[in-house]
Amino acid sequence: MKDNYSFTKEDLEEIEKIKAKFPEVMPATLPVLWVAQRRFGHVEPPVQQLVADTLDLPAAHVHGVASFYTQYYKEEKGKYVLDVCTTTSCQLCGGYKMLHYLEDKLGIKAGETTEDGMFSIQSVECLGACGYAPMMQVTNDVYVNNLTEEKLDTVIEDLKDGSMPDFESVGMPQFEKRK
Amino acid sequence: MAVDWKSYKPVLIPDIPNLENIDVYVKNGGYGALKEVVTQDKWGHSDVVNEVKAANIRGRGGAGFNAGLKWSFMPKPDGGPRYLACNGDESEPGTFKDRKIFEYNPHLFIEGALIAAYAMQVTTIYVYIRGEYISWVRMMEKALADAYDKGFIGKNLFGTDFSVEFEITYGAGAYICGEETSMLESLEGKRGYPRVKPPFPAQKGLWGRPTTINNIETLANVPLVIKNGAGWFKGIGTESHPGPVLYGISGHVNRPGVYELPTGVPVMDLINEVAGGIRNGKKLKALIPGGSSTPVLRADQLVDTCMDADSLREAGSMMGTAGMIVMDEDTDMVETLWRISHFYHHESCGQCTPCREGTGWAEKILLKIRNGEGEIRDLDLLLDLTTQMEGRTICALADAAAWPIRHTINRFRDEFEAKCKKSTHAVA
Ligand SMILES: Cc1cc2nc3c(=O)[nH]c(=O)nc-3n(C[C@H](O)[C@H](O)[C@H](O)COP(=O)(O)O)c2cc1C
Ligand code: SF4
Ligand code: FES
């Protein structure tokens, strides 16, 4: 049953649109892996096979791509994946402190998933939000900026209730008065 | 001769509310430069290239190469497809500026890319954005759809015979895909292994066809140059490195963020006035001026230094992406350098031995020093390692990894030695 993956009609329509962007089919590999990961929550080997079959590309090619890029989940992760940035700017502003706080709070280490399958934590490289350090990204989606322990508490509670953090638009401080 | 930055008014991201909305953008003259070059006889393809070349927009992706000059390397059209690949990978630690363009002025970038496409007679533009920026990808998808709807992209623009397509795609987590040939591989749907050059992308790029790669901010400058002239552009900032810059300031400052100012602003003004000074009343210790690969400068090296290529070279560093990482007096340089070396090791694609092994060893030795088990001779081993990594690889990641190691150790040697002397092996 678990290995019985298939794309929905909407997925297949989206895949057709993706293919139309490029002169060949191979460039659709990354975007279609994304479609698959959004649908199934991961790209374990059977999902990679589905992508290969759908695009009529060798499975080895799809596997090679899936394993090269860090955002693809080559194995199942928690429902929410907390990617805490610990690269330089975040490191300087307490990124590791935030990471360790989360680890203690959830009782797992970076790279692990909670037993109930709700949360995974990862220590990741710079996410391009260095001015809003420390920060994290939730399940390849929203960025949560200027982390504090209190803010993490709130985010975790909200996620347990199934609500993702809101997108935080950070303006140009030069125009602060505009807001 | 410091530039006058206090009276500067932003032009890349001007203070106009809702400028990301295409109607607001058009109302403020947007897509006027595109229409002008496509429809007016005085703008032949090479005239546009020459104007941009004269403006000397130095690439904002890190290498600082004159954009118009790069465009002029494209061979003559042969009837086949030609590409412009826009680099929105933005993964160099300390860099978070292109996303401001996606969010606040996406049409300026789109218009710039379209003008570049006209200049080089490109048939399809791709913009490649890092996968983590999915929120910004969605914004760009909307902006692009709006530009198509209004007829600024597509077949026979403004009733002329110029046609161009514009597609957006995104990565899935890999710093190396910001390197231009790695980005091409990734766009082609493969692992992001940088290509051996030559052949250069202008000869053989995407699918073996002529391709030019430019950074997002570089292209956003183009409509401004067309509208106001190369002379106007050269009047902003310093002579040899002109124009506006999106400075990304992070680290131990009171008001971090992205600020648009001319090139050549004194570093100390940026830290103390623009970004509100060091947090908690601490003293400045050091600055990484343009993303983590650019050599760190000590506070004493910053006194008369300005943010432009010449001044930074004189001080012993580089402009890079203008992503400034500010460090206060309490910063542990050993810890900082170890983390930087971890980044480059993690991101090495592994094709070249000096890079794969060098970044691995560097991280291992720095970890040992950090953990209090280092010896003085490890420092010289590290310095020796950097010379073996530099200039011997397919792409510049190995150089980017080597520079911070060499310069951080040389500029903070005391701190590294002190750490080694205190170590468990020091007595032996
Ligand atoms: C390891 C590595 C990573 C790079 N990452 C980026 C990046 O994230 N964004 C970018 O625009 N350029 C990046 N570059 C520079 C590009 O290779 C290329 O020079 C640039 O996109 C050209 O655009 P420009 O001339 O407009 O700056 C990187 C280079 C190297 C060696
Ligand atoms: S220098 Fe490093 S990142 Fe660049 S191609 Fe070689 S191994 Fe890959
Ligand atoms: S260092 Fe954390 S987002 Fe850049």
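Into which domains is chain A divided?

Guide: The model under discussion is a predicted one. In it, chain A is divided into domain 1, covering residues 9-68, and domain 2, covering residues 80-160. Taken over C-alpha atoms, the centres of domain 1 and domain 2 of chain A are separated by 28 Å. The C-alpha trace of chain A spans about 50 × 45 × 30 Å along its principal axes.

Chain A contains seven helices and four strands. Their order along the sequence is α-α-α-α-β-α-α-β-β-β-α.

The phi angle of A:Asp56 is near 60 degrees, a positive value in a residue other than glycine. In general, two packed helices are described by the angle between their axes and the distance between the axes. For α3(A) and α4(A), the axes come within 8 Å and cross at roughly 125 degrees. The two helices α3(A) and α4(A) are therefore oblique to each other, and their crossing is right-handed. On the α3(A) side the contact is formed by A:Gln48, A:Gln49, A:Val51 and A:Ala52, which meet A:Ala59, A:Val62, A:His63 and A:Ala66 of α4(A). Of the residues in this contact between α3(A) and α4(A), five are nonpolar, three are polar and none is charged.

Further along chain A, a cis peptide bond joins A:Ala133 and A:Pro134, with omega about -10 degrees. A:Pro134 lies in the loop between β2 (119-124) and β3 (136-138) of chain A.

The setting of chain A includes its interface with chain B. Chain A and chain B bury about 4,900 Å² between them, and 56% of this area is on carbon and sulfur atoms. Within chain A, the residues that lose the most area to chain B are A:Phe68, A:Leu92 and A:Glu125, which together account for 13% of what that side buries. The contact involves 52 residues of chain A and 72 residues of chain B.

The contact between domain 1 and domain 2 of chain B takes 15 residues from domain 1 and 18 residues from domain 2. These two domains of chain B bury about 1,200 Å² between them, 62% of it on carbon and sulfur atoms. Chain B also has a cis peptide bond, between B:Lys197 and B:Pro198, with omega about -5 degrees. B:Pro198 is placed in the loop between α8 (180-187) and β4 (211-215) of chain B.

A helix pair of chain B may be set beside the pair described above. The axes of α15 (residues 353-370) and α16 (residues 376-389) of chain B come within 10 Å and cross at roughly 165 degrees. That angle makes α15(B) roughly antiparallel to α16(B). The contact includes B:Trp361, B:Ile365 and B:Ile369 of α15(B), together with, among others, B:Leu381, B:Leu382 and B:Leu385 of α16(B). The residues of this contact between α15(B) and α16(B) divide into 11 nonpolar, three polar and two charged. Helix α15(B) passes α16(B) in a left-handed crossing.

Key:
Residues are numbered from 1 along each chain as its sequence is written. Chains are lettered from A and ligands numbered from 1 in the order in which they are written. This is a predicted model: local features need pLDDT of at least 70, side-chain atom pairs count only at pLDDT 80 or more; totals for chains, interfaces and linings use all residues. Side-chain values use heavy atoms; hydrogens and water are left out. Axes are lines fitted to C-alpha atoms, for helices over the stretch in contact, and angles run from 0 to 180 degrees between N-to-C directions. Angles under 35 degrees count as roughly parallel, over 145 as roughly antiparallel, 65 to 115 as roughly perpendicular and the rest as oblique. A crossing is left-handed if the near helix is turned anticlockwise from the far one by less than a right angle, and right-handed if clockwise. Contact means heavy atoms within 4.5 Å. Ala, Val, Leu, Ile, Met, Phe, Trp, Tyr, Cys and Pro count as nonpolar, Asp, Glu, Lys and Arg as charged, and the others, Gly among them, as polar. Domain bounds come from an automatic or database domain assignment. Buried area is the accessible area (1.4 Å probe) that two parts lose on being put together, summed over both.
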